[in-house]
Amino acid sequence: MISRVYHATLFALYQLCIVIGIAAMPLAIAARQAGVTLPIHRILATIEEAYEANSEQME
């Protein structure tokens, strides 16, 4: 039961990060033009790895 809750939470967090990344795209483009990069890709990669690792365990 806890595994399902954990899996669902990771999935929701992964989807939320994707939505935030899409919504922050104009800000990220403006920041890149100013010479600053936002670390959203690192956060998304970390959550994606955790989600995929948990998905493999669920199979």
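Here are a few numbered notes on the structure above, which is a predicted model.

1. **The overall fold.** The protein chain has three helices and zero strands.

2. How much of the protein chain counts as buried? Of its 59 residues, 17% do.

3. **A greasy spot on the surface.** Have a look at Leu13, Leu16 and Ile20, which form a nonpolar patch on the surface. Together, these residues have about 250 Å² of accessible area. Leucine 16 is worth a click: you'll find it in helix α1, which covers residues 2-23. Is leucine 16 buried, partly exposed or exposed? Its relative accessible area is 46%, and since buried means under 20% and exposed means over 50%, leucine 16 counts as partly exposed.

4. **The largest pocket.** Next, the pocket. The volume of the largest pocket is about 260 Å³. Which elements give two or more residues to its lining? They are α2 (25-33) and α3 (40-58). Of the elements, α2 gives the most to this lining, with four residues.

5. **Who lines the pocket.** If you want to colour the lining of the largest pocket, pick out residues including Met25, Ala28, Ile29 and Arg32, along with Val36, Leu38, His41 and Leu44. Gly21 and Thr37 also belong to the lining. Sorted by class, the lining has seven nonpolar, three polar and one charged residues.

6. **Two residues in helix α3.** Alanine 45 sits in helix α3, and glutamate 48 has its place in helix α3 too. Alanine 45 has a relative accessible area of 32%, so it is partly exposed. Glutamate 48 has a value of 30%, so it is partly exposed as well.

7. Alanine 45 and tyrosine 14 are 31 residues apart in sequence, with 9.3 Å between their C-alpha atoms. How far apart are the C-alpha atoms of glutamate 48 and tyrosine 14? They are separated by 6.5 Å, although the two residues are 34 residues apart along the chain.

How values were computed
Residues are numbered from 1 along each chain as its sequence is written. This is a predicted model: local features need pLDDT of at least 70, side-chain atom pairs count only at pLDDT 80 or more; totals for chains, interfaces and linings use all residues. Side-chain values use heavy atoms; hydrogens and water are left out. Buried means under 20% relative accessible area, exposed over 50%, partly exposed in between (1.4 Å probe, protein chains only). Patches are made of residues with over 30% relative accessible area and no salt bridge: like charges are joined within 9 Å, nonpolar side chains (Val, Leu, Ile, Met, Phe, Trp, Tyr) within 5 Å. Accessible areas come from the Shrake-Rupley method with a 1.4 Å probe; for residues, only the protein chains shown count as cover. A salt bridge is a side-chain nitrogen of Lys or Arg within 4 Å of a carboxyl oxygen of Asp or Glu. On a 1 Å grid over the protein atoms alone, a cavity is a set of points where a 1.4 Å probe fits but cannot get out, and a pocket is an open set with protein on both sides within 12 Å along at least five of seven lines; lining residues have an atom within 4 Å of a point. Grid points are joined across faces, edges and corners, and a volume is the space filled by probe spheres set on the points. Ala, Val, Leu, Ile, Met, Phe, Trp, Tyr, Cys and Pro count as nonpolar, Asp, Glu, Lys and Arg as charged, and the others, Gly among them, as polar.
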